[in-house]
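Here is my note on the model. Please keep the sequence and the 3D view open as you read the numbered points.

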Amino acid sequence: MRVLVTGAGGRLGRVVLPRLRAEGWDVRATSRRARTGSSVRWVVVDLATGEGLAEAVAGVDAVLHLASAPNRGRQTHRVDVLGTRRLVVAAGQAGVRHLVYVSIVGVDRVPIPYYRHKLAAEQVVAAGTVPWTVLRATQFPEFLDGMLRGASRLGPVLGDPAVLAQPVDPGEVADRLVRRLTVGPLRGIEEYGGPEVLRFDDAVHSWTAARRSRRPLLPIRIPGRLGHALRSGGLITAATPTGTRTWADHLADTYGGTGAR
Ligand SMILES: NC(=O)c1ccc[n+]([C@@H]2O[C@H](COP(=O)([O-])OP(=O)(O)OC[C@H]3O[C@@H](n4cnc5c(N)ncnc54)[C@H](OP(=O)(O)O)[C@@H]3O)[C@@H](O)[C@H]2O)c1
């Protein structure tokens, strides 16, 4: 069985490729630049223009669609919405039997512009002719880590203490995706989150402790619908099973013993 993985060089793609190979999939991987690798065949595809798409989907049984251009305004629309439509049409013409799209828990609840594009892309996938599955994952810990670095650029960590998050390890999301590919199309949406729900203030305290930093949390209240959605659990899911790797595991792997800042 052959699978095409879009955005295969990204954070999730890098951990999904070896798992697909281990399960015996013949893997074709896309990037906008030419790449080489011994265990997968790389093809150049640009979803914003459609370059390389028809050749990429030819002869594949399934597509795992990871490519995305977050928070880039019009480019996000071009890649995530129009690019997904191009992919769905090309895959339909090529007789692909299953398309798995990776989305984010909360795209239907949290008013963030990027999420509107992800939700629109989900709808494109669901309206297409290719049997489909949407897997909505919660945030990767690396994303939360990067966000905290950004939020502490000026010294203290700026944030709304009551925002709820449920970080999930991308390797465990990758396992789930491979399983979903093997099982076949759900024609529906599945959610997948990490093992624990964290308040932002707790996440900050463990983050600063792991980094041996004394930066305090400077509490702010995110206003309006966005703040309400984030505080009332818009980013978390009650779906089971969940991943098993915790925020503390991520911190230990990333900062354990070194005190790196
Ligand atoms: N990060 C999170 O916390 C999180 C949580 C839940 C779900 N997700 C979803 O999981 C998916 C993968 O996330 P990730 O963190 O692995 O993303 P990532 O590291 O940003 O990788 C996305 C990839 O998309 C490709 N891409 C960008 N523009 C493109 C274009 N015009 N045409 C074709 N490919 C393009 C890029 O590949 P090249 O540069 O090689 O072309 C990039 O490596 C995304 O759909 C994201 O929304 C992410």
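1. Start with one term. A polar contact is a pair of N or O atoms within 3.5 Å; within protein, one must be able to donate a hydrogen and the other to accept it, and residues adjacent in sequence count only if both atoms are side-chain atoms.

2. Some ground rules come next. This is a predicted model, in which local features need pLDDT of at least 70 and side-chain atom pairs count only at pLDDT 80 or more, while totals for chains, interfaces and linings use all residues. Residues are numbered from 1 along each chain as its sequence is written, and side-chain values use heavy atoms, with hydrogens and water left out.

3. A backbone N or O atom of Leu47 is 2.8 Å from a ligand nitrogen. At Phe140, a polar backbone atom lies 2.9 Å from a ligand oxygen. How much of the ligand's accessible area does the protein cover? On its own the ligand has 900 Å² of accessible area, and the protein covers 87% of that. These areas come from the Shrake-Rupley method with a 1.4 Å probe; for residues, only the protein chains shown count as cover.

4. Now look at the shell. The ligand is surrounded by 26 residues, and the closest are Leu12, Ser31, Arg32, Tyr114 and Lys118. The shell holds 13 nonpolar, eight polar and five charged residues. Here Ala, Val, Leu, Ile, Met, Phe, Trp, Tyr, Cys and Pro count as nonpolar, Asp, Glu, Lys and Arg as charged, and the others, Gly among them, as polar.

5. Which element gives the most residues to the shell? Strand 5 does, with three. Helices (H or I, at least four residues) and strands (E, at least two) are DSSP runs, numbered from the N terminus.

6. Rings of Phe, Tyr and Trp (its six-membered ring) pair if their centres lie within 6.5 Å; planes under 30 degrees apart count as stacked, over 60 as edge-to-face and the rest as tilted. The count by this rule is one aromatic pair. Tyr114 and Tyr115 form it, tilted, with 6.3 Å centre to centre and 50° between the planes. Buried means under 20% relative accessible area, exposed over 50%, partly exposed in between (1.4 Å probe, protein chains only). Tyr114 is buried because its value is 11%. Tyr115 is buried too, at 6%.

7. Ala29 belongs to strand 2 (residues 26–31). With 0% relative accessibility, Ala29 is buried. Ala29 and Val40 are eleven residues apart in sequence, and their C-alpha atoms are 6.7 Å apart. Ala120 sits in helix 4 and is partly exposed, at 23%. Val105, in the loop between strand 5 and helix 4, is buried at 0%.

8. Now the backbone. Most residues other than glycine have a negative phi, and most peptide bonds are trans. Arg187 has a positive phi of about 50°. Arg187 lies in the loop between helix 6 (170–183) and strand 9 (189–192) and is exposed, at 55%. Arg212 has a positive phi near 50°. Arg212 is in the loop between helix 7 (200–210) and strand 11 (217–219) and is partly exposed, at 44%. The peptide bond from Thr240 to Pro241 is cis, with omega near -5°. Pro241 is in the loop between helix 8 (224–231) and helix 9 (247–255).

9. Last, find Asp169. Is Asp169 buried or exposed? Asp169 is buried, with 18% relative accessible area. Its place is the loop between strand 8 (164–165) and helix 6. A polar side-chain atom of Asp169 lies 3.0 Å from the backbone nitrogen of Gly171.

How values were computed: A residue is near a molecule or strand if one of its heavy atoms lies within 4 Å of it.
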